[in-house]
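Visitor: I would like to learn how to read a few features of a model. Please go through them one at a time.

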Amino acid sequence: MIIKLMKMKNQIYKSVYSLIVGFLILSLFGTSLSMAQSKERTRLRSYFYIHDNGDREISVLLTAGRGRNMQNVSNAPISMEVDMGDSTLFLTELITDAEGSANLLVEAGYTFPADEEGITTVLASYNGNDTLRSASTDIEIKDVFLEISFDIEDSVKILTVQAKEFNNEGELIPVEELDINIGVQRLYSILPIDEIETDENGIGILEFPDDIPGDSIGLIKILARIDEHDYFGTVTKTSSVNWGIPVSYELKRLPRQLFTDEAPLWMIIGVFIALVGAWYHFFLSVYKLVKLKNEG
Amino acid sequence: MENSSDLMKKLARNLETPSRQWYIWVIILSAIVLFGVYALIRQIQEGQIITGMRDNAVWGIYTANFIFFMGLSYAGALVSCSFQLLRIQWAKPLLRMAELITVSTLIVGAPYILFCLGRLDRIHYLFMYGRIQSPITWDVIAISTDLVFCAAFLYFTHIRDFAKLRDLEGLKVAKWRKKLYAILALNYRGTPLQKKYLHQAHDIMAAIIIPTAVIAYSLLSWLFGMSLKPGWHSTIFGPYFVVTAAYSGIALLIIIMWLYRKSRKLEDYITNKHFNYMAFGLVLLTMAYGYFTFSEYITDWYNQTSQMSALLGKFTDMSQYGALQSFHVLFTMFVPLIIIGLPWFRSINSITLVSLFIVIALWVKRYLIVVPPLETPFIPIQDVRPEYVQYSMSWVEITLTVSGLALIVLIFTIASKIAPIIPVAEIEDVEDTAKPIIRFQTKGV
């Protein structure tokens, strides 16, 4: 009986001991887990642009939060590197602006290290902080060159766009099956004209419409644009040509008549008739009084 | 009723040597007018900084007074000329009062717009460089034309009374006044030909004054209607102003009728019938005015922009213009219908009292037309002191307003000392057989 009681006591001690140890382990693990969970999730997105002058721009956007509650993160350091296979080449560190974006502008002519297909993989990473988790992204980029040329055949305006890229031997070769949007720059936006696709020579042709208004001498700015391509990103090339209808933008006279130099003719005639009519009757009645006086 | 010579003898007593009270009354009125002149001199010397007008609210009670007095003037012209043309016999005792309202308010009202000018010394530029396409030029032409026409009409209606006064024996007035009556009577002897000429002159002037008055007051309304300001830019303003003018003019005529009836004991000539007829006109105009006011606000309210919304908000906010707007609505649309429209409350005194409130409320309406829209522009002025944004009248403006009223009373006081306030010769013509100069006759009838 005594032995049984002793065993039970030992079991109780063991159970209590196990519970205390388990509680301590769980507390420690739970604390570190909850600390990890309290950090906000971040997301890094990257975009690639090739501008009209050949400059390239890699833009990254850092956001934090979940679902629809994603907020842009400002003043965050973003490390930019090029993936070299076994290693990375550090490019620079950028700081996100008030909109959470950081932009790396690379001038035309600078050559990135690339793989045998001419593709450069750029890595962007954010190391996180006390409240935000780390995030990283990569983007594959490649140079493309657009050329716009204009021709008129039998009074038909022909717009030709040619796209070229470097091959692994550093030679320029045509880009096939590339979708290019053609538009005309207007005051506040781009007027879409059509979409063309390049052939095996990298050439896309468009019969340009005749009815686009231009400036005073018919000059219009035509845009050829590749939108969010897998490697080329968003590429814009512009060129001006006098294919528009000349439009005179002379300031027209203000329609409000109070501001005109001269009164409108109808108003002058109207006022003249009204005044002459009124004063004629006045003098007529005065004349009647003169007659009245002479009669007396 | 007495015959015309008895009436002239009775009324002529008021024209004779003025009493001491009359002189005291004239001195008091003249002192108020002179104080107004002093205020005007101060304004010219120191500039508009001593008024409440500033960059934002560039107009104030001067402009409200201008519209108000011009309205009274045009209403007087419309009433007297319509009665003349339509040969309305019962209204003849009221004609001179209406004509005096026209001329006195025109003389007093027109200068108020000049007081708004920052550079009064350049006033002659309006005539030298006036542009015919400017509503201001239209107004200058219309008001000056109307003033000449109305003054001429007032004189025409006096000619026969001047002749009667010239011929009245025992009239105790100075010799120069007798001579003056003789000159102003234009040798009128009452011959059939002279009667004919005088009627023709009357009718021609009456016929031309009515459209002149309507056009002139419409032009005045277009000063506002053609401005892109919330509460001003309205197509209804032309007819609305004309109806408002007629409304205020009839109300003022009733007040003056009551004053002369009491002070000159003219109960036999300004009778209950006159008050009843004028009150009937007042009720009709109350309804017309209510209709126009409702039309103005309902269209503004339905299509309100942010600034229009702010303006309408000021009219309902008791801490801003809500109290004035409520006073205006109550005394121009509801009280007249109840007190005058319902027979239980209708009496000469109640009609006159309501008329007094209508006149005040219509002045308030003019103030509400001018000031709140100026304080609520489409592009609000920013970063300035509140007194530059909001208008508050100064002692100079109040003084000139009161002195303007005093001048109108003074004109009435002096005018009714020169000739009887009741047109005796007109009353003599109760059986007026003179054919109207404007006749509509259908052929074959």
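Visitor: How many salt bridges does the count come to over all chains?

Guide: Side chains of opposite charge can pair when their charged atoms come close. The rule here asks for a side-chain nitrogen of Lys or Arg within 4 Å of a carboxyl oxygen of Asp or Glu. By this rule there are 13 salt bridges over all chains. This is a predicted model, in which local features need pLDDT of at least 70 and side-chain atom pairs pLDDT 80 or more, while totals for chains, interfaces and linings use all residues; side-chain values use heavy atoms, with hydrogens and water left out. Residues are numbered from 1 along each chain as its sequence is written, and chains are lettered from A and ligands numbered from 1 in the order in which they are written.

Visitor: Which parts of the chain does the pair B:Glu426 and B:Lys92 link?

Guide: The two side chains meet in a salt bridge at 4.0 Å, N to O. B:Glu426 is in helix H16 (residues 424–428) of chain B and B:Lys92 in the loop between H3 and helix H4 (95–115), 334 residues apart. Helices are DSSP runs of H or I with at least four residues, numbered from the N terminus. B:Lys92, B:Arg160 and B:Glu426 are linked in a network of salt bridges.

Visitor: Are B:Glu426 and B:Lys92 buried or exposed?

Guide: Both are buried. Buried means under 20% relative accessible area, exposed over 50%, and partly exposed in between (1.4 Å probe, protein chains only). B:Asp161 and B:Arg96 form a salt bridge at 2.6 Å, N to O, and they too are buried. In B:Asp121 and B:Arg119 the closest N and O atoms are 2.8 Å apart. B:Asp121 counts as partly exposed because its relative accessibility is 47%, and B:Arg119 is partly exposed at 45%.

Visitor: What volume does the largest pocket have?

Guide: Rolling a probe the size of a water molecule over the atoms shows where empty space is left. On a 1 Å grid over the protein atoms alone, a pocket is an open set of points with protein on both sides within 12 Å along at least five of seven lines, a cavity is a set where a 1.4 Å probe fits but cannot get out, and lining residues have an atom within 4 Å of a point. The largest pocket has a volume of about 980 Å³. Its lining has 36 residues, and B:Trp25, B:Ile256, B:Leu259, B:Val409 and B:Phe412 lie nearest its centre. H15(B) gives the most to this lining, with eight residues.

Visitor: How many cavities of 30 Å³ or more does the count come to?

Guide: There are four. The largest cavity has a volume of about 80 Å³. It is lined by 13 residues, with B:Gly231, B:Glu296, B:Tyr297, B:Leu311 and B:Phe315 closest to its centre.

Visitor: Which residues make the nonpolar surface patch of about 1,000 Å²?

Guide: Patch residues have over 30% relative accessible area and no salt bridge; like charges are joined within 9 Å and nonpolar side chains (Val, Leu, Ile, Met, Phe, Trp, Tyr) within 5 Å. Among those in this patch are B:Phe280, B:Leu284, B:Phe334 and B:Trp344. Helix H10 (272–302) and helix H12 (322–339) of chain B each give two or more residues, and H12(B) gives the most, with four. B:Phe280 is in helix H10 and counts as exposed because its relative accessible area is 57%.

Conventions
Accessible areas come from the Shrake-Rupley method with a 1.4 Å probe; for residues, only the protein chains shown count as cover. Grid points are joined across faces, edges and corners, and a volume is the space filled by probe spheres set on the points.
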